[in-house]
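Keep the selection panel handy as we go from stop to stop.

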Amino acid sequence: MDFLNDSVALSAAGQALSMILSFDRLMFLVLGVLTGLAIGLVPGVGGLTGFALLVPFTYTMDPLSAIGMLLGMHSVITTSDSLGAVLFGVPGSSASQATVLDGLSMSKRGEASRALSACYTSSLLGGLIGAAILAFSLPLVRPLVLSISTPELLALTIFGIAMVAVLSGRAPLRGIVVACFGILIGMIGTNVQTGQMRWTGDFLYLVDGIPLVPVLLGIFALPELCDLAIQRKAISNKIPVRALTGMRQGVTDTLKNWFLVLRCGGIGAFLGMIPGITGAVTDWIAYGHAMQTEKGAKETFTKGDVRGVIAPESANNAKEGGMLVPMLAFGVPGGAAQAILLGALMVHGFAPGPDMLTTHLDVTYSMVWSIALANIFGAGLCFLFSGQFAKVATLRYSIILPVMMPIVYVGAFQGSRSWGDLFVLLLAGLIGWIMKRQKWPRPPLILGLVLGVLIERYMSISIMRYGAEWLARPGVLILLSLSAMVFLSPLFKLMRKGRLNLSENAKVSLKLEDLVYVFFIGVGIYMLVSAQGWHFLAKIGPTAVTIVLIIAGTMSLAYKVFFSSRQVGLDNNSGIHMDLESDDKELSAKQVIMRAAKFFGWFLAFLACTGLIGMLPTIPLMIIAFMRIEGRESWRLSLILAACVTAFLYVVFDQILHIYWPSSLFGF
């Protein structure tokens with residue numbers, strides 16, 4: 001494809017800006033931005049829901065107004081979803097998981113306004129970087145994209161998991177075990193290549209696989225809410241930094257780290273160009289990059305370093321621009337949301353491909369301007385309210401918990417709108433809380449879950465199309481070699497230091513905390529054995545992953561049992577722990593367990609009540625009961641809060657989104 005003439009491109013860009021700045025088109029763009037910000041605030045409701053809301057209204061609209069409104073909505077969801085991540089540790093979407101680590105720690109220090117300001121500023125700059133890369137890369141990207149085939153995509157996804165797994169710091173082998181466990185969870189369901197049912201048992205819910213949303217909220221949100229219930233105090237017991245001071249400082253922090261924003265924005269845009277790579281992957285890769293390259297990051301990240309907020313937020317918004325590159329150039333959507341956007345484009349008569357870079361170049365650049373303007377409007381609106389939102393971190397736990405818990409339950413139910421989503425939320429919450437308490441890294445689990453399906457799909461296609469020859473492709477060799485170096489680096493480090501000696505005081509005995517190893521290794525062995533009777537293409541992926549899990553888990557457990565924990569090696573207490581740590585050292589183990597059991601008991605009571613009378617009537621009853629029993633709050637406050645939360649959930653989910661509520665015995 002010939003490169004576009006610079007004067008033609010500049011003329012088209014100027015014409016597109018003048019078109020998009022008309023009053024009516026700007027109003028539709030702002031409407032899309034407001035919708036996207038609202039969607040980002042509610043856990044579990046993502047871009048697909050937004051498109052489902054807005055697309056039906058676009059068919060009779062002016063094409064540029066329709067495209068602007070849809071892109072305005074989609075571009076800012078990852079701007080507002082950082083609010084829950086920073087204030088409560090509850091990610092609004094899978095794209096804000098990494099923001100939790102340092103954002104919540106900053107809130108606990110009374111710096112919520114600073115963290116939110118840094119989030120919005122870096123999101124704005126990242127979105128502008130993504131728009132700029134979209135504008136300049138469209139004419140040049142065709143040779144690059146055509147050179148990337150399935151084997152390279154497979155090697156790239158393996159490298160991504162390797163980076164995050166080993167970045168688990170204190171326990172890299174644990175990171176590998178958890179990543180493999182996440183991949184295996186992603187493989188549950190029907191294998192698309194063979195139709196083989198894998199680990200579904202008699203549960204119809206598992207046939208289509210386990211949805212990401214309830215697992216995400218269970219692994220990351222419920223443990224934070226549980227720890228809040230255990231500590232029985234506000235998220236931050238420190239006097240918050242004045243709102244305007246914190247917001248100004250957050251802007252200054254972001255501008256000071258402009259090179260980090262630029263790098264992570266470029267990473268986000270590049271990963272966005274690769275089909276199947278979602279925000280759940282982008283934010284962790286950007287976070288890991290910042291932790292490895294920024295000065296002093298390994299000592300301060302996860303403890304409230306503002307750079308740990310800036311890196312993932314700038315990458316997430318830049319990703320949105322990158323995702324449009326393969327869609328516009330080749331008609332290849334990066335995900336389900338982009339597929340819906342592609343359909344809307346085609347309804348309005350725009351076919352992706354060369355025409356978007358020649359005949360309809362002005363339309364293409366109107367999309368670039370829409371993304372840029374949406375990020376400016378979205379960040380501006382968030383700035384207006386972030387100072388007030390930051391004060392939420394100082395509220396009593398007995399007010400925060402009863403508000404957040406039903407929102408998490410309703411959000412998790414959007415996974416597949418089945419009762420199974422709520423049971424998965426409970427199980428994932430228990431696993432996530434135990435992992436957090438025992439310092440098992442949680443990020444690799446989500447990354448493995450997201451990339452597991454892609455890894456298996458790419459592996460099957462590579463084997464069927466190339467046989468064993470795909471392993472000899474230059475790009476694959478380079479990426480797999482890098483992955484092997486990353487995976488084996490802990491062992492090389494151990495051997496180089498010559499510390500592989502038995503500890504004199506080592507005792508061959510399992511402690512209670514080692515049961516986590518037994519759980520993961522036992523699951524791996526069960527899955528390995530049960531997979532051997534399947535079709536070759538259905539079992540090759542699970543077999544490879546379970547073998548890695550068992551080997552890594554066994555090595556990690558053996559090192560812990562037989563060798564001194566003071567030695568530098570495979571799994572020890574040196575380095576960064578890439579996760580949040582519980583802050584309840586003043587409590588005894590018995591108190592922690594009892595309060596955690598009470599928290600999950602409230603969860604079970606919610607499920608039982610929902611099964612009897614329905615979720616919507618259960619919400620006010622449980623809010624009132626929790627506030628009166630746990631917090632000794634007044635009847636007046638309990639009734640007002642219960643009415644407000646129930647009304648909000650009813651309007652948003654029932655009247656606007658028209659979702660199905662869980663079935664109940666009495667059918668309410």
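A residue here is buried under 20% relative accessible area, exposed over 50% and partly exposed in between, using a 1.4 Å probe and protein chains only. With that in hand, select K439: at 35% relative accessibility, K439 counts as partly exposed. You will find K439 in the loop between α21 (419-437) and α22 (443-466), where helices (H or I, at least four residues) and strands (E, at least two) are DSSP runs, numbered from the N terminus. K439 is not a glycine, yet it has a positive phi of about 60 degrees. Most residues other than glycine have a negative phi.

Before moving on, two notes on reading the model. This is a predicted model, in which local features need pLDDT of at least 70 and side-chain atom pairs count only at pLDDT 80 or more, while totals for chains, interfaces and linings use all residues. Residues are numbered from 1 along each chain as its sequence is written, and side-chain values use heavy atoms, with hydrogens and water left out.

**Stop: the whole protein**

Zoom out and colour by secondary structure: the protein has 28 helices and two strands. Of its 668 residues, 59% are buried. The accessible surface comes to about 26800 Å², and carbon and sulfur atoms hold 68% of that; the areas come from the Shrake-Rupley method with a 1.4 Å probe, and for residues only the protein chains shown count as cover.

**Stop: W199**

Where is W199? Select the loop between β2 (197-198) and α11 (212-231), and W199 is there. W199 also has a positive phi, of about 55 degrees, although it is not a glycine. Its relative accessible area is 13%, so W199 is buried.

**Stop: α7 and α13**

Two packed helices are described by the angle between their axes and the distance between the axes. Axes are lines fitted to C-alpha atoms, for helices over the stretch in contact, and angles run from 0 to 180 degrees between N-to-C directions. Select α7 (residues 112-137) with α13 (residues 258-272): they pack at an angle of about 55 degrees, with axes 9 Å apart. That makes α7 oblique to α13, since angles under 35 degrees count as roughly parallel, over 145 as roughly antiparallel, 65 to 115 as roughly perpendicular and the rest as oblique. The crossing is right-handed; a crossing is right-handed if the near helix is turned clockwise from the far one by less than a right angle, and left-handed if anticlockwise.

Now show side chains. L125, G126, I129 and I133 of α7 meet V261, L262, G265, G266 and A269 of α13. By class, this contact has six nonpolar, three polar and no charged residues. Ala, Val, Leu, Ile, Met, Phe, Trp, Tyr, Cys and Pro count as nonpolar, Asp, Glu, Lys and Arg as charged, and the others, Gly among them, as polar.

M273 sits in the loop between α13 and α14 (279-293). With a relative accessible area of 13%, M273 is buried.

Next, pick M247 in helix α12 (residues 243-256). M247 is buried at a relative accessible area of 13%. From C-alpha to C-alpha, M247 and T121 are 9.7 Å apart in space, and 126 residues apart in sequence.

**Stop: α20 and α28**

Which residues make the contact between α20 and α28? Select α20 (residues 397-412) and α28 (residues 635-656), whose axes come within 11 Å and cross at roughly 20 degrees. The two helices are therefore roughly parallel to each other, and their crossing is right-handed. I399, V403, P406, I407 and V410 of α20 make the contact with L637, L641, V645, L649 and F653 of α28. These divide into 10 nonpolar, no polar and no charged residues.

**Last stop: α26 and α27**

Finish with α26 (residues 589-613) and α27 (residues 615-629), which pack at an angle of about 145 degrees with axes 9 Å apart.

How values were computed: Contact means heavy atoms within 4.5 Å.
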